[in-house]
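Please consult the sequence and the structure shown below while reading.

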Amino acid sequence: MTMERWNDGKVECERREFLGLAFAGVLSIVPSFLRSVAQQDSLPGAGPAGRVADPASAGRALGPTTAADTDAAYQAIEKQLKCSCGCGLDIYTCRTTDFNCTYSPGLHRQVVALAERGQTAQQIIDEFIAKYGQQVLMAPPKRGFNLVGYLLPSGVVLVAGGLLLLTLFRWTRAAAAAPAAQGRNSDASPAELERLRRELERFPS
Amino acid sequence: MTLLGHWSLWLAFLMGLWGVVTGFAGGLQGRTDLQQSARHAVFAMFAALALASISLETAIFRHDFNVEYVAAYTSRNLPTFYLWSALYAGQKGSLLFWATVLSLFATLAQLFTSARHRAYLPFVAAVTCLVATFFVTVMLFAANPFERLAFTPVDGRGMNPQLQNPGMVFHPPMLYLGYISITIPFAFAIAALLSKKLDVDWLVAIRKWTLVSWLFLSIGLLLGMWWAYVELGWGGYWAWDPVENAALLPWLVMTAFLHSVMVQEKRGMLKKWNLALVIGAWLLSIFGTFLTRSGVIASVHSFTQSPVGYFFLAFLVIAAAASIVLYAIRLPLLEAEATLESVLSREASFLFNNLLFIGLAFSVLWGTLYPILSEWVQGTKVTVGPPFFNLVNIPLGLLLLALTGIGPLIAWRRASVPNLKRQFAVPAVTGLFVLLIVLVAGMRELGPIMAIALGGFVSATVIQEFGRGASARHRQYGEPLALAVVRLVARNRRRYGGYIVHLGIVLLFIAFSGMAFKTETQATLRPGESATLRSPYGHLYTFTHLGVSQYDALNRRVTAALVDVSRDGKPVGRLKTEKRQHVDALGRNTFEPSTEVGIRSGLREDLYVVLGGLVNGTEQAVYRFTINPLVWWVWFGGYVLVAGGLIVLWPGGGPPAVRRTQAGYAVRLEAK
């Protein structure tokens, strides 16, 4: 094989020498190519995402969102179950709020695994109760003593309202009896008082 | 300086004790020298506590990390703005703040209470000194803010990132001011019981204080909601957390009192009830403080568990027992001066309004304490979260909303059928019309439907009241309608300010119902990629991830992600959401990275974007996108409510005759 030198015309070049030079050239290009990919600015549509300078300060590294992460059926189950990290939130809200939480992603995976095994929503919830106790539910189950928990506030208001109504009727009966006795001492006649009352009612209260 | 602070606490303690002894003795024996001494003790206590607060704030600003409190809650690079709020960022400092503000309020009560109510002041001094001395005792024996460390750290731990938010600078003091100021009406109530002066005078003396307290509690609650919304990142503003509930309880009871007190002022009725409400509101404020500081119930808001809780529990039990005994002894003196004449009267409607407020307060308290009760009774721990509270409280809340419209339209003493027809025809038709509209629009959720329809009804009652009043002025004085409305409010601030508060409540209820329609999704996006989300109004939002940048700012390293937003293909703006890694002055990480939410707030809906994190350290970002309908109206409703409260609170407002009627019982129809 022959090659032409630019300064003095044709020169002889060995195939082995040529391949060696070509390989060295490629080796020198690859790192710079890789570097250029890593430093590439990520404008919309500019291709793959580059690494940030300090990933640790962006919180826990996450995996890409999967279909299970956004599945409405799983969300509905997770919204009934409390995260065990102490945040007081349900599993779904915790895993989509506190992305540093290490509990809620695991609990989410448990929900998904149980669902993929064919369990229904209620079976999954029962499984969680068996494993973590009733405390795992965002609200106590509506049975047994918990029914007192649910019904007592409204019950108290209803009973108190009934008693209040009875008391009001008793008071108003007493008040209706009183004017008859008071009327004798009044300068105004009942008709006049009634007329005054009607006149007053015409004004905005 | 901290030595000065520590000794100031001891001085405040001694002054407080002196104030308690001389106040009670001077009041009971009628000795003016002791009464005067109690008054001076209040002033001295305030001076000592103010000095202690200045000492602690000085230590904070000087970065004196040998002081345990300063090292625990601040760092050298903490922005100055938050150095101020560091005073109440921790348990010990907040106790000092509480005691100082209480002594300030006690001083103001001594200085500005009208001469007509002087008889109460020695007892007021004694009670306020007693409460403030309790707080000082806790500091001296269990939570000393001036405690020193055995060594001096190079830098402090810094403030929790979630507290480094403007909302958190103003929310706690507002709530504290609300809590603390309840002590003054409580002190007057105890003074009235002790002095046996149980006529309407003590109510007149505390009117401004109750309003101030209610207003601060309202602002504190609203700011807390705003902080939770913009800072915590879960997309809501109220989670029925035990500490949130603890703040709501005194607000509900104070609101009940603000209504029932009108019945006592107008008719001389409900004396027992009003006293009970004031005492109950104060006890609940101490109960809330106990909940927050004891760690007895888990809450994201509470301070760390400490022996302080035992102090508060003991104080709560003793104070409740003493108040109840005194109240029971004086019951015979609290007979009503008039009787209810009709169930169809404003008095009766206020009684039902009170029943619902107290029922709601009971319901919230019940739900908050139910986990403890369940463990006692069933031996099973349970969680009582939003599903429980929503189920139990929403019906009561809707009933209360209905009464908000009904109460003001019913006449005092007795309402006739023609009167009811005249008052309710337009609001009822309006409510039904709104109901029809929302049903036709396709809404099927019962709670929101009722909230919006009742909102229409109540709004119509308020507008009708304004319309009738302004028309009357227009006819009588020939004023233009706009001017007539302004003068109407100015001449009767209490009544029309109250109506404005009702409008604020309507807006809040309707805005709350918007959360039933929130939509959200989660997506992982490379730069240039988009996710879509349909709003409850049917618009399609597209969120395009632009990229991630990192930079240093103040005391943190910021990872910021930018998102372009378009609605139905048209650009609407760009949102930034961040991860913040806070560092100390030496560049060491202090807390876990926190999240800053990107929010675009509009009249119809809020776009709420949260950066969850990055995939393997690349610019591929995990986002949560949420559309929260009507949230803007929560804050606007809050403004309206506070504006109405300020109008009610503003001095003056009406001719002397009106003021006299408000101050005492209304003129009676019966000739006696």
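**The five-strand sheet**

In chain B, five strands build an open sheet in the order E2-E3-E4-E5-E6, with antiparallel pairing. Strands (E, at least two residues) and helices (H or I, at least four) are DSSP runs, numbered from the N terminus, and two strands pair if DSSP finds at least two bridges between them. Strand E2 (530-534) and strand E6 (594-596) of chain B are at the edges with a single partner strand each, so one side of each has no neighbour in the sheet.

Strand E4 (residues 556-567) and strand E5 (residues 570-582) of chain B run antiparallel and are joined by 12 bridges. B:Val558 has B:Arg580 in E5(B) as its bridge partner.

**Basis of the model**

This is a predicted model: local features need pLDDT of at least 70, side-chain atom pairs count only at pLDDT 80 or more, and totals for chains, interfaces and linings use all residues. Residues are numbered from 1 along each chain as its sequence is written, while chains are lettered from A and ligands numbered from 1 in the order in which they are written.

**The four-strand sheet**

Another open sheet of chain B has four strands in the order E1-E9-E8-E7, with antiparallel pairing. Nine bridges connect strand E8 (residues 605-614) to strand E9 (residues 621-629) of chain B. B:Gly613 stands opposite B:Val622 in E9(B).

**Contact between the chains**

Contact, defined as C-beta atoms, placed from the backbone, within 7 Å, involves 70 residues of chain A and 79 residues of chain B. On the chain A side, H6(A) supplies the largest share, 18 residues.

Notes
Contact = placed C-beta atoms within 7 Å.
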